Amino acid sequence: MARYYDVHPENPQPRIIGQVADLIRGGGLVAYPTDSCYALGTRLGDRDGLDRIREIRHLDDRHHFTLVCRDFAQLGQFVQINNAVFRLVKASTPGSYTFILPATREVPRRMLHPRKRTVGVRVPRHTVTQALLAELAEPLVSSTLILPGDDEPMTQGWEIKERLDHQLDAVLDAGDCGKEPTTVIDLSGPEPEILRRGAGDVSRFE
């Protein structure tokens with residue numbers, strides 16, 4: 001059964017954040033809030049965690065997992081960014097965007113798109129997510145919590161606990177964080193390509 005943590009959305013309790021971080025370090029898979037929907041998160045390099053996310057969401061090997069990073073500096077360790085892309089990403093973080101970029105050697109191969117060698121990266125604004133990332137001192141490997149057959153992401157922690165109780169190790173509930181997922185922008189080619197229109201404004205990428 002998944003542990004259930006009720007956390008304050010603006011002033012998250014350090015004890016709870018520490019317990020969830022310890023679960024992740026120990027190989028746990030958690031559902032946690034972001035500024036664009038709830039997400040599934042596991043530790044970078046955790047093969048079992050990746051497999052569990054694939055199983056829950058019925059994902060194939062072409063799915064772009066996302067590295068959720070604390071800040072722009074951390075993001076830069078895991079993706080290759082030229083000057084033009086640097087300006088676009090810097091102007092859009094933190095925020096409700098996921099960027100697809102060529103990965104560095106710091107990213108495990110099993111996370112990469114098999115042909116493009118790219119990975120998704122994101123810097124969220126949500127206070128609880130930021131507290132968890134600060135406690136971990138490393139990115140979370142994540143995927144939006146949309147279950148097979150559902151049209152929208154899950155928004156209530158108690159419902160996540162109810163439906164995924166035996167597939168997760170913890171649910172971090174900070175209340176409703178909305179149904180609109182991130183805007184996904186592929187910046188790995190010569191021109192930005194909008195793959196999904198979501199919560200982030202796309203005007204600077206068109």
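**View 1. The loop that holds Pro94, between α4 and β5.** In this predicted model, Pro94 lies in the loop that runs between helix α4 (83–91) and strand β5. The peptide bond between Thr93 and Pro94 is cis, with omega at about -5°.

**View 2. Strand β5 and its two partners.** Strand β5 spans residues 97–102 and is mostly covered, with 5 of its 6 residues buried. Strand β9 (residues 183–186) pairs with β5 in the parallel sense over 4 bridges, and here Thr98 stands opposite Val184 of β9. Strand β6 (residues 118–122) runs antiparallel to β5 and is joined to β5 by 4 bridges, with Phe99 having Val121 of β6 as its bridge partner. When looking along any such element, the reader may recall that in a regular strand the side chains alternate between the two faces of the sheet.

**View 3. Arg117, in the loop between β5 and β6.** Arg117 is found in the loop between these two strands, β5 and β6. Although Arg117 is a residue other than glycine, its phi is positive, near 60°. The relative accessible area of Arg117 is 38%, so this residue is classed as partly exposed.

**View 4. Ala137, in the loop between α5 and β7.** Ala137 has its place in the loop that lies between helix α5 (127–136) and strand β7. Its phi is positive as well, at about 60°, although Ala137 is not a glycine. With a relative accessible area of 61%, Ala137 lies over the 50% cut-off and is therefore exposed.

**View 5. The hairpin of β9 and β10.** Strands β9 and β10 are joined by a hairpin through 6 residues, and the two pair in the antiparallel sense over 3 bridges. Within this pairing, Ile185 stands opposite Ile194 of β10.

View 6. A polar atom of the Thr183 side chain lies 2.7 Å from the backbone oxygen of Gly200. In the UniProt record, an unreviewed entry, residues 14–200 are listed as "domain: YrdC-like". Over residues 14–200 the model has 29% helix and 22% strand, and the end C-alpha atoms of this span lie 29 Å apart.

**View 7. The largest pocket and its lining.** Rolling a probe the size of a water molecule over the atoms shows where empty space is left. The largest pocket holds about 310 Å³ of space. Its lining is made up of 18 residues, and those that lie nearest its centre are His64, Thr66, Thr144, Val184 and Arg196. The elements that give two or more residues to this lining are β4 (66–68), β5, β7 (140–144) and β10 (193–196). Of the elements, β7 gives the most, with 3 residues. By residue class, the lining of the largest pocket divides into 7 nonpolar, 8 polar and 3 charged residues. Val184, which is named among the residues nearest the pocket centre, is also the residue of β9 that stands opposite Thr98.

Technical notes: Residues numbered from 1 in each chain as written. Predicted model: local features only at pLDDT ≥ 70, side-chain atom pairs only at ≥ 80, totals over all residues. Heavy atoms only, no water. UniProt positions renumbered as here; feature names shortened; annotations may be inferred. Buried < 20%, exposed > 50% of the residue type's maximum accessible area, 1.4 Å probe, protein only. Pairing = 2+ DSSP bridges. 1 Å grid on protein atoms, 1.4 Å probe; cavity = no way out; pocket = protein on both sides within 12 Å on 5 of 7 lines; lining within 4 Å. Points joined across faces, edges and corners; volume = space filled by probe spheres on them. Nonpolar A, V, L, I, M, F, W, Y, C, P; charged D, E, K, R; others polar. Polar contact = N/O pair within 3.5 Å; in protein donor to acceptor, adjacent residues only side chain to side chain.
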